[in-house]
Amino acid sequence: MNKLKRKISKYSGFEKKKFLFVYLFIAFPVIQFAIFWLYVNFSSIMYAFQDGDGKFTWANMKWVFEALKGNDNKLAFDLFDTLKRSFILWALDFFLLFPIGILTTYVLYRRIWGHYAFRVFYIVPSLMGAVMWSQLLVYLSQGYLQGGALVRVLKPFLSESAINEGLLGTKETAFPTIVTIKCIMGLVCNNAVLTGAFSRVPDEIYESAELDGAGFWRTFISIAVPCVWSTIATLMTFALCSVFTADYYIYLLTGGARDTSTIGFLLYQMTLDRKASPDGFLGEPAAIGVFLTAITVPVVLIGRKLIDRVFANVEI
């Protein structure tokens with residue numbers, strides 16, 4: 001301790017102020033992390049194993065398994081069907097839209113024929129926020145009498161209920177409409193990050209591949225993707241973490257009605273309902289979160305190992 005004091009005393013007053021500024025500058029994000037991540041997540045885990053009086057119990061976890069079996073009537077939505085819809089949206093994003101996003105970003109970056117068409121898909125959505133897009137989609141999907149443009153175009157292929165209530169207003173078309181919207185809007189995912197990754201690949205590598213007779217697909221699969229695989233692997237890992245949080249504006253489009261709720265929206269709705277109740281008990285939504293975390297963690301760890309084995313790290 002005395003050595004530390006002697007060492008500090010050697011610094012001038014200005015240098016001590018610099019150290020104090022640096023420590024305070026670092027302390028802010030550390031305190032923020034401790035409060036809004038450590039404390040919040042620790043409290044959520046504790047809530048999952050507490051009853052209304054704060055005593056330890058397994059009742060909340062048992063309730064989750066009963067709800068998955070459909071033996072609980074506390075929820076406004078079926079928990080198993082909600083998980084299934086969340087997984088469908090995530091699988092669509094991970095296995096279809098993400099690879100398409102890589103390809104379209106590469107086409108844009110290399111300015112290959114047709115890149116202007118893809119550029120429209122990337123630029124136009126960025127000019128409008130999520131709320132404005134959602135309101136526009138809801139308006140376009142209204143019923144025939146309300147002037148819904150999409151219903152008027154698709155009228156020969158729709159049922160009477162879909163024509164009257166709109167694409168988002170009936171069970172048979174609400175979730176398929178959300179899936180279709182996600183397929184269209186999902187083309188713009190991760191464009192900025194992937195563009196930055198592709199820009200780090202020297203043009204000489206592509207030119208060398210072209211001189212060797214490599215075509216578009218050979219260059220893309222054997223040159224471009226391996227060179228940016230570290231970035232793609234990181235994005236895929238984050239995507240694995242979001243397997244149960246693929247909400248996609250459910251609140252703005254349908255409010256979870258007509259069999260469109262996802263697990264993220266369900267937890268949000270449950271938390272609001274529990275906080276508004278007299279006791280404010282959050283044990284059940286917290287138990288769902290702990291249950292999903294127990295599934296997600298091994299999936300992410302195993303998935304990351306498999307992703308790392310696809311391509312070796314390439315030094316550019």
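The model is a predicted one, in which local features need pLDDT of at least 70 and side-chain atom pairs count only at pLDDT 80 or more, whereas totals for chains, interfaces and linings use all residues. Residues are numbered from 1 along each chain as its sequence is written, and side-chain values use heavy atoms, with hydrogens and water left out.

The secondary structure consists of 16 helices and 0 strands, where helices (H or I, at least four residues) and strands (E, at least two) are DSSP runs numbered from the N terminus. Of the 316 residues in the protein, 36% are buried; buried denotes under 20% relative accessible area, exposed over 50%, and partly exposed the range in between (1.4 Å probe, protein chains only). Among contacts (heavy atoms within 4.5 Å) with a separation of 6 or more, 63% join residues 24 or more positions apart.

In soluble globular proteins, nonpolar side chains tend to be buried together. A nonpolar core is defined here as a set of buried Ala, Val, Leu, Ile, Met, Phe, Trp, Tyr and Cys residues joined through side-chain atoms within 4.5 Å. The largest such core comprises 54 residues, and Phe198, Ile232, Ile263 and Ile288 have the most contacts inside it. When residues up to four places away in sequence are not counted, Phe198 touches Ile102, Thr105, Tyr106, Tyr109, Tyr206, Ala224 and Val228. One of these partners, Tyr109, lies in helix α4 (residues 79-110). Tyr109 and Phe198 are separated by 89 residues in sequence and by 7.3 Å in space, C-alpha to C-alpha. With the same exclusion of residues up to four places away, Tyr109 touches Ser199, Val201, Asp203 and Tyr206 as well as Phe198. Tyr109 counts as partly exposed because its relative accessibility is 25%.

The largest pocket holds about 850 Å³ of space. A pocket is, on a 1 Å grid over the protein atoms alone, an open set of points where a 1.4 Å probe fits, with protein on both sides within 12 Å along at least five of seven lines; lining residues have an atom within 4 Å of a point. Grid points are joined across faces, edges and corners, and the volume is the space filled by probe spheres set on the points. The lining comprises 23 residues, and Asn41, Ser44, Gly289, Val290 and Thr293 lie nearest the pocket centre. Helices α2 (13-48), α15 (263-276) and α16 (283-308) each supply at least two lining residues, and the largest share, 8 residues, comes from α16. By class, the lining has 15 nonpolar, 8 polar and no charged residues.

Most residues other than glycine have a negative phi. Arg258, although not a glycine, has a positive phi of about 60°, and phi of Asp259 is likewise positive, near 60°. Arg258 is partly exposed because its relative accessibility is 29%, and Asp259 is partly exposed at 42%.

Phe56 is located in the loop between α2 and α3 (59-68). At 58% relative accessibility, Phe56 counts as exposed.

Notes: Nonpolar A, V, L, I, M, F, W, Y, C, P; charged D, E, K, R; others polar.
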